[in-house]
Structures are given as structure tokens and as C-alpha cells.
Amino acid sequence: MSILSSIFLGLVQGVAEFLPISSSGHLSLFQHFFGMASADGNLFFDVLLHLGTLIAIFVYYWKDILGLLKELVHLIQCVFSSQKRKEMKRLPPDGRMILMIIIATLPLFVILPIKSKVEGLYGNTVFIGVALLLTGFLLFWSDRMAKGKKTAKSATMLDALLVGVGQAIAVVPGLSRSGTTISAGLVRGFSRKFAVRFSFLMSIPAVLGANILSIAEAVQEGIDTSLLPAYFIGTAVAAVSGYFAIGLVNLLTNKGKFGNFAYYCWGIGAAAVVASLIFHG
């Protein structure tokens, strides 16, 4: 793997992971049609790329994450202290947010038994193209929903569960995780700002969990130490580009222009389907 390839993959991962255009779908299409390097053949680099996007979330939302960690410590203390339980009459917003993230993560466990079948779809470019077209329709429709007002104070646990179901469905290549979860939040009446915030914060345990499961397998596969410079450059590019991508999603969503990404998804999806039918039909 060259430095140029690692930069390209880091850029695709960082931008497409957060913009609602499906990073997995793009990486598969680039590899299939242009013969460009893919992280799929190098599990360790794949783990590092996802670590880069995770760093982007931590940097962008560091205040929120710090508040959630403090509240988590407080909740743990309440479990072991009857006095603190009596003092806490109701969960504060950060406490509700923690519970919502936990509930939203649960549907992912349903996907684990069929993980290999989902991964098998990465080579099906027609399927990925159709999934991108569906992502476009989802974005176009959700952007035209009435503005919601729900935040961590008023959102229900059912809301969190349904957004989590969206996250689980979006493991399918071509469906955007951020696009699906933000759209689900908007449909459930979340404010635009909270829909984006919840989408990215709820991805933390999902990405961490996936990486933890992959680390042991990556070590067994072997690490080519000669490629470490390329690995770390790609990871840095994923982190930096991901940080700016999060900012762009927040900006466009707040302005009610989240659905503009639909046109891009339709274009890429249609091109993928047509190209697949022409070259493999």
C-alpha cells in the first residue's frame, strides 16, 4: 500500500463515514470499478481507519462526552449508594442520554448472527447501487419533515430504540449509517441539532465494539510493520476529514439542507447499477 492509497482511503473513510453517503458502499465501488486499494484486504488498517473517525467524534463532541462520562460515574455511584439514589429524583438529561445510547445499541446484537451474510453483500455492486438510491429517497423525504423539538429531556426510550433499529439496518453496504439514524431521529420528532448529535454519539459504542471484535483477528492476520507510516497517515487523514465532515453535516442539517445529499446518492447509485449491468450483465 502506498502513501497515496492510504491518504485516499483515509479521506473516503472520514468524509463518507459522516456524510450520509455510505463509506462502505463507496469503498466497495472504488475497489470494484477502479481497482483502487481497499482496506478490506488489510484488517489492521481497517481498524485504524475506524479509529480515526472515532477520534473525530471525540474531538468534535468532547464536551458532551466528558459530561456523559461524569454522569456515568454518578449513576454507578447511585447504584452502590442508597443515599445518592434518594437524592436523585429523576434522571438528568445526560443520564437519559446514556440510557438512550445503550438502548439504541441493542438492535446491533441481532445483526451478529448474520454478520457473514451482510459482509457478503460488499461484492454485489448492483445491490450497493440500489441501496444508495434508497438512501437518497430516505434523505430527500426526511429533510421535508416538520421540525421536531425533542431533545434528551423529552425523547423517549422508544425513540432511541427505533433510531437504533435504523443503525442496525444501516450495516448493509450502501445504506448510510448517519443518513439512516439522523433521518430516523427527524421522523421521531428530534430537533435537527439533537438528531445529528445523538446519531454521532450513539455510534461510539458501535464502532468501539466492532473494533474490539476485529483487533484480535487483525493481530492473528499479521501486521506489516513496513506499512506503519502509511497506516498512521491514513488514520490521521480519516480523523481530520471526519472532523470537518461532522461540522458540515451539522451546518446543513440545521439549515434544513440535509436532503441535498440525496441527489448525490441518486447519481452514484444509478451509475453503479448501470455500470454493473453493462460490464457484468
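Where is Asp-143 found?

Analyst: Asp-143 is found in the loop between helix 9 (125-142) and helix 10. Before going further, a word on the ground rules. This is a predicted model, where local features need pLDDT of at least 70, side-chain atom pairs count only at pLDDT 80 or more, and totals for chains, interfaces and linings use all residues. Residues are numbered from 1 along each chain as its sequence is written, and side-chain values use heavy atoms, with hydrogens and water left out. Helices here are DSSP runs (H or I, at least four residues), and strands are E runs of at least two, numbered from the N terminus.

Asp-143 is buried, with a relative accessible area of 9%; "buried" means under 20% relative accessible area, exposed over 50%, and partly exposed in between, using a 1.4 Å probe and protein chains only. As for what surrounds Asp-143, set aside its neighbours within four places in sequence and you find it in contact with Arg-192, Gly-256, Lys-257, Phe-258 and Gly-259, where contact means heavy atoms within 4.5 Å. Leu-186 sits 43 residues from Asp-143 in sequence, yet their C-alpha atoms are 8.1 Å apart in space.

Now for helix 10 (residues 157-169). Helix 10 has 13 residues and reaches 18 Å from its first C-alpha to its last, close to the 18 Å expected at 1.5 Å a residue; the expected span is 1.5 Å times one less than the number of residues. Its buried residues are Asp-159, Ala-160, Val-163, Gly-164, Gly-166, Gln-167 and Ala-168. They pack against helix 6 (93-105), helix 7 (108-111), helix 11 (177-187) and helix 12 (192-221). From helix 11, take Thr-180. Thr-180 is buried too, with a relative accessible area of 12%, and leaving aside neighbours within four places in sequence, it is in contact with Leu-138, Gly-166 and Ala-170.

Two packed helices are described by the angle between their axes and the distance between the axes. The axes of helix 6 and helix 12 come within 9 Å and cross at roughly 60°; axes are lines fitted to C-alpha atoms, for helices over the stretch in contact, and angles run from 0 to 180 degrees between N-to-C directions. The two helices are therefore oblique to each other (angles under 35 degrees count as roughly parallel, over 145 as roughly antiparallel, 65 to 115 as roughly perpendicular and the rest as oblique). The crossing of helix 6 and helix 12 is right-handed, a label given when the near helix is turned clockwise from the far one by less than a right angle, with anticlockwise making it left-handed. On the helix 6 side, the contact is made by Asp-94, Met-97, Met-100, Ile-101, Ala-104 and Thr-105, and helix 12 brings Phe-194, Arg-197, Phe-198, Leu-201, Met-202 and Pro-205. Sorted by type, the residues of this contact come out as nine nonpolar, one polar and two charged. Ala, Val, Leu, Ile, Met, Phe, Trp, Tyr, Cys and Pro count as nonpolar, Asp, Glu, Lys and Arg as charged, and the others, Gly among them, as polar.

Helix 12 has another partner in helix 4 (residues 62-80): these two pack at an angle of about 60°, with their axes 12 Å apart. That makes helix 4 oblique to helix 12, and their crossing is right-handed. Asp-64, Ile-65 and Leu-68 of helix 4 meet Arg-197, Leu-201 and Ile-204 of helix 12. The residues of that contact divide into four nonpolar, no polar and two charged.

Then there's helix 13 (residues 228-254), whose axis comes within 7 Å of that of helix 1 (residues 3-18), crossing at roughly 25°. That makes helix 1 roughly parallel to helix 13. Among the residues making this contact are Ile-7, Gly-10 and Leu-11 of helix 1 and Ile-233, Gly-234 and Val-237 of helix 13. The contact of helix 1 with helix 13 divides into 13 nonpolar, seven polar and no charged residues. Thr-235, found in helix 13, is buried at a relative accessible area of 8%. Not counting residues up to four places away in sequence, Thr-235 touches Leu-48, Leu-49 and Gly-52.
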